[in-house]
Amino acid sequence: MRSARWSTWIAIAAVLAGPFAWACNRGDDVGGGTTVALVLKTLNNPFFIELAAGAQEAADSLGIELLVQAPDREIDVEKQMQIIENLLQTDIDALALTPSGSREVVPAIAKANRAEVPVLIVDTRADAEALAAAGATVATFIGSDNVEGGRIAGRFVAEALGGEGNVAVIEGIPGHETGDSRLRGFREAISEYPGISIVASQTANWERDQAFNVTQNMLQSHSDLRAIFAANDVMALGAVEAVASAGRTGDLVVVGFDAQDEAVAAIREGVMSASIAQHPREMGRIAVESAWKILQGDSVPAEQPVSIELVTE
Amino acid sequence: MRREFGTLAGLLVLCMALWIATPHFLTTANLLNVVEQSTLIGIIAVGMTFVILTAGIDLSVGSIVALSGVAMGTAFRAGLPIFAAALTGLAVGLACGLANGALITLGRLPPFIATLGMMSIARGGALMLSDGRPISGYSDGFRALATGDLLGIPLPVVIMLAIYGIAHFVLSRTTLGRYTYAIGGNEEAAELSGIRVRAYKSAVYGIAGLLSAVTSILLVARLDSAQPIAGIMYELDAIAAVVIGGTSLLGGSGSVIGTLIGALIMGVLRNGLNLLGVSSYLQQVAIGGVIIVAVLMDMALRRRARLPTE
């Protein structure tokens, strides 16, 4: 009995010590100087980890404090709002945000506006209509032209197939602006090739294991499938694995989006065909630098496009 | 009551530690913020407390949040007035809960299995009904449920406290409450003493479903969007709140007051870790640690009181 109690107290001390040691470590910088918060969709996708790394580099060279926070799961817009609300209680000077839900996050942006914290939107747009309805404003948008990226992917697929064949699409979470824009661009480009038709289009919610299953099912129901376009690389890699387990590697054109390291390696290996390179590091850097400019009273453009390109090797 | 004091002490220690660690914690705005953020899990956890008191478990609450929200959104989009749409959502939640109850009592399925099935059915139903897309665009009047306040207290908090008040009354003063404890304490004995165990157990799962639907209405109002992917993992947060609050997973002992404190501990912890700027990865570790420590403490207390621990 006595020993049980001791172990309990030791466990409590251990659990509490971790976060607090962390906090004390950072205590010197928080509150002093300039603090920029970067709230991402998640921190378990290499894209956002890269974005955070770029932001951190810029913050270090400008000598400002960067707080990076994200919900556990990419789709958890409610948790993301809570994080924003909590951070607004601290002395953050600017908020850089990749919305988990383009419409849903708008009330949190309005709260930031009320707290007079400038909001910079990165990667995924906030819904313009919802912003207007809530009377909320954002300082700038930093991100890729996803529609154009989708078009590039579409033209690549069409040419790789010689203008003929059946194509499947793996969608991200419906309602996410980035995914929707990529698909719009892709469909636009494909529609110019009468010989190519999109025979299946399903969501895998941005996730690799779901994309694996979705692709397996698509290969089952469409044996004549010749190409797959996934709205991000995480899903494209899931598709690549499903294609491999069906013994059809090299037989299908698989195109992703993001050109993250693992996808580029897969392209070099020849198991994946192409990806659209975004530059998340660049996005992170521009976000922090723009925040700094805004806080200095300088103006920044309302739209800051970050370049994209096709990667085939 | 002594058990709740232990949990309350835990909450106060946590608050004190945060008060020392960051100047931003102990402000009226932030405390209101924490309580408001605790409302969603807090309300679901009331239903979960009833279920766990009967020695059951409900894994479907998060999916029911999604399905009732989407049902409400669909009804609203089909032209029903918002009030009727909300009632539709509540009816769907109640129906799911009662279906759980029927599967457990009439179908004799273990609660874990019945509600695991419902978790998938309700989630799939929400995706089918909404075609996987969020349903947005509600009136400001409706959204006031999430954004409005009563004498400075956010409305969701008022609603949550009212629900806790009612639940506490039900559990401590009514037949349903007494029987809930009796069934969890010893189901066979309850049956033998003439309690209509099946009816009361079904009612308890019905309550859990209904309260999930209440949560979904607040969530839709907060996000201005009914999402088929809403509420994933809410069941685990709710179970954690109940367990931290001192309700025994073996059934028969615990209270909603403890659960309220448990939900607040979870809310304060998340808020505090955000305020401190703790890495998102470490936050998950810390939250898991607190759940384990809370149960360790609970078991230690039970051993001292010579109550069964397994």
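The expected span of a helix is taken as 1.5 Å times one less than its number of residues, and helices (H or I, at least four residues) and strands (E, at least two) are DSSP runs, numbered from the N terminus. The model described here is predicted, so that local features need pLDDT of at least 70 and side-chain atom pairs count only at pLDDT 80 or more, whereas totals for chains, interfaces and linings use all residues. Residues are numbered from 1 along each chain as its sequence is written, while chains are lettered from A and ligands numbered from 1 in the order in which they are written.

Chain A contains eleven helices and twelve strands. Of its 313 residues, 55% are buried, a residue being buried if 20 or more other C-beta atoms, placed from the backbone, lie within 10 Å of its own, exposed if 12 or fewer do, and partly exposed in between. Two residues are in contact if their C-beta atoms, placed from the backbone, lie within 7 Å; among contacts in chain A between residues at least 6 apart in sequence, 75% join residues at least 24 apart.

Chain A is divided into domain 1 (30-138 + 280-307) and domain 2 (146-277), with bounds that come from an automatic or database domain assignment. The C-alpha centres of the two domains of chain A lie 29 Å apart, and ten residues of domain 1 are in contact with eleven residues of domain 2. On the side of domain 1 of chain A that touches domain 2, three residues are nonpolar, four polar and three charged, where Ala, Val, Leu, Ile, Met, Phe, Trp, Tyr, Cys and Pro count as nonpolar, Asp, Glu, Lys and Arg as charged, and the others, Gly among them, as polar.

Helix H2 (residues 46-62) of chain A has 17 residues and reaches 24 Å from its first C-alpha to its last, close to the 24 Å expected at 1.5 Å a residue. The buried residues of H2(A), including A:Phe47, A:Phe48 and A:Leu51, pack against strand S1 (35-39), S2, strand S4 (119-122) and helix H11 (280-295) of chain A. H2(A) is followed by A:Gly63, whose phi is positive, near 70°.

An open sheet of four strands in chain A has the order S7-S6-S8-S9, with parallel pairing, two strands being paired if DSSP finds at least two bridges between them. Strand S7 (196-203) and strand S9 (253-255) of chain A stand at the edges and have a single partner strand each, so one side of each is left without a neighbour in the sheet. Neighbouring strands of this sheet are turned by 20° against each other on average, direction ignored. Strand S6 (residues 165-171) of chain A is joined to S7(A) by seven bridges, and A:Val167 stands opposite A:Ile198 in S7(A). Helix H7 (residues 177-190) of chain A lies across S6, S7 and strand S8 (225-230), running at about 170° to S6(A), whereas helix H9 (residues 233-245) of chain A lies across S6, S8 and S9 at about 160° to S9(A). For these angles, axes are lines fitted to C-alpha atoms, for helices over the stretch in contact, and angles run from 0 to 180 degrees between N-to-C directions.

The contact between the chains takes 37 residues from chain A and 40 residues from chain B. On the side of chain A that touches chain B, the largest share, 13 residues, comes from H1(A).
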